[in-house]
Amino acid sequence: MGKLVRLYEDNPNERTLREVAGALEQGAVIIYPTDTLYALGCSLNHLKAIARVKEIKRKENDELSLICPNISVIADYAKVDNAAFKLIKANTPGPFTFILKASGAVPNKFLERKSTVGIRIPANRILTELTELTGCPLVSTSLPVSSSLAEEDTVNAELIWEEYRHSVDMMIDGGDARLLQSTVVDLTGDEAEIIRQGYAELMQ
């Protein structure tokens, strides 16, 4: 069974953050809060952990994205021109997923024959400090719903833990989430295209 830890976004405990960072560096699969829903993920550095995330996600495993601590890290994993950089800077940190052309630093195990990567910079202090500690993006995907965990239940930390405590190595309980989706923006073409309109409006 995995381990449940508690972190408060307004003042995350450094010792607990380091415990989670250490687990990620050892290949742990974790559940964590974002600025929208809870997410499932692992370190980008661990291919076996990525495979586990995809197994838990089941057939929806093409929805993986990367969580980065800030905009300066994005260029290491994706190709960003000046227009895309300005748009991302104007809308982050925040509830947006930006689709960009992947760089060679993204492993094939993550891409699975795709040439693009989703990038997120959530407005969540826990994730900012965690990814800064590990020095590596978090692989991220939404939690799959099931017969015992409906979509409306994925905001409740207690119900999430009850469902997944035997499937993951650790969960960060950051309190109840909001049943909101990120806005997905495709930046691979000549102009930004909104693929999914979430609760936040894109500032051009």
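Residues are termed buried when their relative accessible area is under 20%, exposed when it is over 50%, and partly exposed in between (1.4 Å probe, protein chains only). In this predicted model, buried residues account for 51% of the 204 residues of the protein chain. Local features require pLDDT of at least 70 and side-chain atom pairs pLDDT 80 or more, whereas totals for chains, interfaces and linings draw on all residues. Residue numbering starts from 1 along each chain as its sequence is written, and side-chain values rest on heavy atoms, with hydrogens and water left out.

The protein chain contains 7 helices and 11 strands, assigned as DSSP runs (helices: H or I, at least four residues; strands: E, at least two). Its C-alpha trace spans about 45 × 35 × 30 Å along the principal axes. Of the contacts (heavy atoms within 4.5 Å) between residues at least 6 apart in sequence, 67% join residues at least 24 apart.

The whole structure holds 0 disulfides, a disulfide being a pair of cysteine sulfur atoms within 2.5 Å. The sulfur of Cys42 lies 8.7 Å from the closest cysteine sulfur, in Cys136, and is therefore too far for a bond. Cys68 likewise is in no disulfide, the nearest cysteine sulfur, that of Cys136, being 9.0 Å away. Cys42 counts as buried because its relative accessibility is 0%, and Cys68 counts as buried at 2%.
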